[in-house]
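Student: I have a model open on my screen. Could we go through it together, chain by chain?
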Amino acid sequence: MVSALHIITAALAAAFLLGLLKEQQRGLAYGITLLTLALMSWISAGWLWTFASTGTAAVEIFTAGTEPPFAINLRIGLAEAALTLLINLVGLLSALALKDTLLALGRRAMAVWLVAVMALSGIVLTRDLFNLFVFFELTVIASAGLVLLSEHAKNDGQALAAGFKYLIVSQFISAFLLIGIIFAYHATGTLNIDDMAAAAPLLGGGAAQAFALAFFLIFIAVVAELKPFPANGWALDIYESAHPAFSALFSAATGAAALFAVDKLLLIGGDAWLPMATGIGIVTFVAANLLALPQTNDRRLLGYSSIAQTGLILAVLGQRDILGEHTLYIAGGLLLSHAIAKAGLYWLSGLIAERGLEAWAALRGQPLLIFAFVSFISMLSGLPPFPGFYAKWELIHLLAGEGRIVLLGLILFGALLEAGYLFRWFGYIMKREAPTEVVDNVAHKFGAVFATLAALAAAWALSLVWGELAGLQFDRFNMLLALPLLFALAFLLLDWLPVWVKNSLAIAGLLAWFYLTYTEYDPLRMIFAVIFLIGGSLTLLASYHEHGRRIGFYPSAMLMFAGLAMLIRATDSFDFFVAWELLTVGSYFLILRGKHSEPHALSYILFSLGGAFLILAGFALATQGAPYFDLAALADLVQPLAPWVFLLLAIGFMTKTAAIGLHIWLPGAHAEAETDVSPMVSGILLKAGLYGLIVLLLTMGRQDFYGVELINAMLWIGALTALIGNLLAIFQEDAKRLLAYSSIGQMGYAMFGLALMNHLGWLMALMFVINHYVYKSMLFLSVGGVAKRTGTRQMYRMGGLITLMPLSFIATLIGIIAVSGVPPLSGFGGRWIFYNAILTAEARLPMILIFLAGPIAFLYLFRLIYTIFLGQLKDEFRRVKEAPFWIVLPQMIYVAILLVVAVVPGLVLRHVDAYLNHFFPNGGLIWEGTTITSQFGYWNPVAIMIIVGVIFMTLFAWLLFVNRRAQKVKQFNIVFSAERPFRPETTHFAWNFFAPYRKALGFLTLPLVTLFWSTMTDLLHTAGDLARRFYTGNGQTYAFHLLAFVVIVYLFGMGVRP
Amino acid sequence: MIKRAIALLLTLAVGALFASLLVGYVPDSELNHTARYYAERTAEDIGAANIVTAIIVTYRGLDTLGEVTVLFISAAIVGLVLAQGRVLNNAPNNAPRQTRAPVSELLSTGSRVLTPLILLLGVYVFVNGHLTPGGGFQGGAIVASGMLLLLLADPLKQFSHRLIAVLESLSGLLFVGIGVLGVLLAGGFLDNRLLPIGTLGELFSAGVIPVIYSLIGLKVGAEFSSMLASLSETNHTENSEET
Amino acid sequence: MISLAQMAMAAGFVLILIGFYGALTQRNLLRMIVAFSLANTGVHIVLVAVGHMRGRTAPILDAAVPVADALTRVIDPVPQALVLTAIVIGLGVTALMLAYALKLHARKHTLDIAKMTELKW
């Protein structure tokens, strides 16, 4: 094993050796630089391997042949090895990305680079306080010098100014550091960190106070290197102006080293200083994320994000009193995620010609780089399967266990802000106009591409490692090895295959998984399993219609299905949450594929992540410190915790079912999605939320929250959602939006049924689950097919398509009969059970609302079929053909299913009914032959089918007979006296179809909720925009900030400390 | 002036912090355990009469290596920054340098006499660093001041950057090399007992300390000289740009 | 009674504060650098003052301070060693700042820090 000391000596020797070369031998100098960095990485990697595989204790390295504390010593342990490897590798890869600049500037620049990397390793390795100072100063000087490298490329003086600002601030920092060190030495008689940590607690009286003051100066100086809010304006200027390869080092490696230095300091200071670290960290985390919101410069945005992440990790270090032995796992997970992702993103930014966020649309032609970008932002947002996810899970659980709720809330809030701007950025990449200058010549920028891809590989490798560690530490499964997820990820490798091959594989995969697991499901889960897996493969049939390769569709779709498949098998909170996040992410990518879906996909992911955070908080509260719990154990929770948990989980699940107030993401997301995606996200994905609610209600049931029966609140929410959803649907002009709003209403019914908490209510909710899947998938497909053929989704522009698209018409007709709940189709069964159910419940008022919602549904359904298929055909659509085969086929299958279920509803419901007896023993149905009896009456589906069929045929025949001599009227033959219609569509009968109702009920559809949420986001943006003006760009102002920061922390900290 | 008022306020707040440090300061009456170790053991273990030198070169040798590196990269960056400017400003015109009025006879003659003496003094100071106050840094600075004198006497004088760079790099390499030899042959990195400790107070004593300190002296002298040269050359280009 | 060390220390602190105040109020880059040099000098004085002990001498073992008496005759050598390092590092930073100032002046033809604010927010 090569001593870790040689990380330092190798770099120094190489740096000095470079001076011996001639100025012209630049290639040779560059080669030596790379070799040295590789050697340094190799030494670190060797140690990391040793520690990781054998678990040996840390190794001390003495210098000067004398033992510490009398001579400087270094130490390498697991954390040190990992960090130096990170630093050296980032140094190596950045040197690759910097090739042109380094070659142009020559050996001196390379020597400075080597020294910078060496000094960062030194910060990590040293155990001597003053030596730490020396390495810090080396870092400062080398960094200030390296900022100039970018001056070479751009030559606009910005980097010069930024570097000078950095030097100003560092002068203050080093003065504080030196004064602190000398007084700490005076108080303890040593400079060795471990020795000082041992000596400090033994001090008494005046010495202890003097030491505390000295330590404060050291601590605040090192923390200032972490760019805490608000003393960080200089760092942002550096991030913005420096060469991205340097920023990668500055963000990933410098941040990591400085954090480790803080960690060492906390060892000296002890627990008394932890609150200060936490406070500075969390304020920085939230503030930096808030300030990042209005950013438009990519590198500055990444700078804000870097600062935020560093703040978060500082806050985590400050929680070590409760995190204990898990600190390394949590802080390490967050740190490595941040470092790899941020380095990767900075390298990537080296490929982008312009600095606006939209300019990144240039990446669009490069699937691999897009995948890298997605991996990096998922990593930063703490999504599975990346290490940050495990870290976040553990962190939130431990915080909740100790009751540190405020901190927990702030962390989740900040994380949501961060996810907001990161995913907004991703939306730009996928949807904005690509700049004329695309990613320039990838071969030319080989270094940056190579570095980015290396970071990508590291990201996934690390996920595997963290998953394994989770298995060792907390007995969790490694989610990356979960079969459904692997299957989904496999599509990343298969993305070069044509659509039909991938589609067949996907369908086969879903069915095979069902076959493998179907024995495990109880009847309740079986319903969901069938919808998710069999139903999923049915909707996938429509995807055969697509041609080419459809890059990115299958990985996203299968990720969603993997999440769904894992969700219903999850038995404990961790598995459940992993599955929840996976399906959220997968569906987000799916929705984003729509042509105009950028803003809607963003609001979807934000609401979903917000909801997921609430669920996470709920789970964390429920476990009380344990890493996870059996979902069934939710039932054992008691006051005062239980209602809080219930509330958090219920709101979390309701974001997915788009309950009123949390619904604004749904219409856009569902309507703008691609034709075959809409049924997936509407028919299938919404059920995940209902599944969550079912699990919640089955275990926790009725909860009393300060006198409010929560289940009643839910009843009201369900009823209101049904009413408002339906009302909004009738005023839509866009057919897919109409269907989307209708889904909101339908989910309201289902929630209402569940909230009734009786046998029939649940039966009805489950019936809704099945029915909604079938008819909403079918309707979205048929409307999507029509939209595909006509090129519009505006209903008033269609009309009379019945003869041209008869199959779509039949599907729509059957669909709306089923939705409206009139006999003879299955919708009626749902209604029948439903009315029985509410008769058994006591909630009269919401019941009235639900009743009201019923007829409203008729209105929009009537409009749907009437304006699209009936009436007169437009000229431009004379040649329209029936929807494509693969889109019609699943519709016909759905028609068949609806008819079968209509006749024999018992096929499914019987088992569910019986199963529900476990939970609600009273009030079940009696199934005899074809008759179903409740306490209020009976229902015979077969008889109804026959009766309705007869009536229908009679009426139909009569109509044909009466109408044989009907006269046709032109649609636009309305005469306006000397008035030309302002907008032609206003003359169409189908425009603003329900105007009278709008007059009467319009006040109910005012977009108050939308207004609320947009005001919220505007407020956040404005706050961020105002606050960032605080960074005036004047180096002197930054010095004021720093001193003010020191003084404020001093006043606060010394007041708080015992 | 609000700005000045805030500046004063902040300075006073920091001053209050410093004041409490000052008030809480109690001078030691005897050496603390670290200092005691050095006082007792230096003569025996290191063999250097100057305890501060023993600490700088051996006990805290890693700091000193870092310190030398600070100078090294400062010089490199200064050179880089100013060289960049030169390329920028001077690339198009190869016009001959403008000549200045010669400096005074006194200065140029004096510098010719004094420079060798200054260099000698510098060498003396760093060679004897382990015995007397002084050492590599001080000696190096003295050597560089000799260079400064030369530059003052003849502002257009060109030093060989190449020679300076080789001197600087070789001494740095040897410093690191001796340090690593310590790992291989003696007790650890920068252990001075590669060579015999000798008798306390003699020139050839304290193991490799005189060697290292001489290298540091050369290196520091070279680095200061290189910075001076870079700065003075830039000055010409600035001037020539203005004319 | 106020010792020499405390007086030196007080002087050092005052120097630091003067330097800080200057750095906060002077807008000229060169004046700022001078202010920092002042502050640095103050820091060095404080460093040395902390190691001072009444009635003792420099930690050099020679005829005046035999090895046997070292323990009682010499002052703490550590701050002396540290201050040397601090001085050299401070010098490096100052040189760097000067180079920056030179370059900034060449680029912007001003030395006013308030005029170097293209990057902000």
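Student: How many helices and strands does chain C have?

Tutor: Chain C has four helices and zero strands; helices (H or I, at least four residues) and strands (E, at least two) are DSSP runs, numbered from the N terminus. Along the sequence the pattern of chain C is α-α-α-α. This is a predicted model, in which local features need pLDDT of at least 70, side-chain atom pairs count only at pLDDT 80 or more, and totals for chains, interfaces and linings use all residues. Residues are numbered from 1 along each chain as its sequence is written, and chains are lettered from A and ligands numbered from 1 in the order in which they are written.

Student: Is chain C compact or spread out?

Tutor: Chain C is more spread out than a compact globule, because its radius of gyration is 20 Å, well over the 14 Å that the globule rule gives for 121 residues. The radius is taken over C-alpha atoms, and the rule is 2.2 Å times the number of residues to the power 0.38. The C-alpha atoms of chain C fill a box of roughly 65 × 30 × 25 Å along the principal axes.

Student: And what about chain A, which helices and strands are there?

Tutor: Chain A has 40 helices and seven strands. Its radius of gyration is 32 Å, close to the 31 Å from the globule rule for 1058 residues, so chain A is as compact as a globular protein of that length. Its C-alpha trace spans about 110 × 60 × 55 Å along the principal axes.

Student: What share of chain A is buried?

Tutor: Of the 1058 residues in chain A, 61% are buried. A residue is buried if 20 or more other C-beta atoms lie within 10 Å of its own, exposed if 12 or fewer, and partly exposed in between, with C-beta atoms placed from the backbone. For chain C, the buried share is 53% of 121 residues.

Student: Changing topic: how do H30(A) and H31(A) cross?

Tutor: The axes of helix H30 (residues 735-756) and helix H31 (residues 759-790) of chain A come within 9 Å and cross at roughly 175°. Axes are lines fitted to C-alpha atoms, for helices over the stretch in contact, and angles run from 0 to 180 degrees between N-to-C directions. The crossing therefore makes H30(A) roughly antiparallel to H31(A), a label for angles over 145 degrees, with under 35 counting as roughly parallel, 65 to 115 as roughly perpendicular and the rest as oblique.

Student: Which residues meet there?

Tutor: Among them are A:Leu739, A:Tyr749 and A:Leu754 in H30(A), and A:Trp762, A:Phe768 and A:Phe780 in H31(A). Two residues are in contact if their C-beta atoms, placed from the backbone, lie within 7 Å. The contact has 15 nonpolar, five polar and two charged residues. Here Ala, Val, Leu, Ile, Met, Phe, Trp, Tyr, Cys and Pro count as nonpolar, Asp, Glu, Lys and Arg as charged, and the others, Gly among them, as polar.

Student: How many residues does the contact of chain C with chain A take?

Tutor: That contact takes 34 residues from chain C and 35 residues from chain A. On the chain C side, H4(C) gives the largest share, 15 residues. The residues of that side divide into 25 nonpolar, three polar and six charged.

Student: And the contact between chains A and B?

Tutor: It takes 47 residues from chain A and 51 residues from chain B. H6(A) gives the most to the chain A side, with 11 residues.
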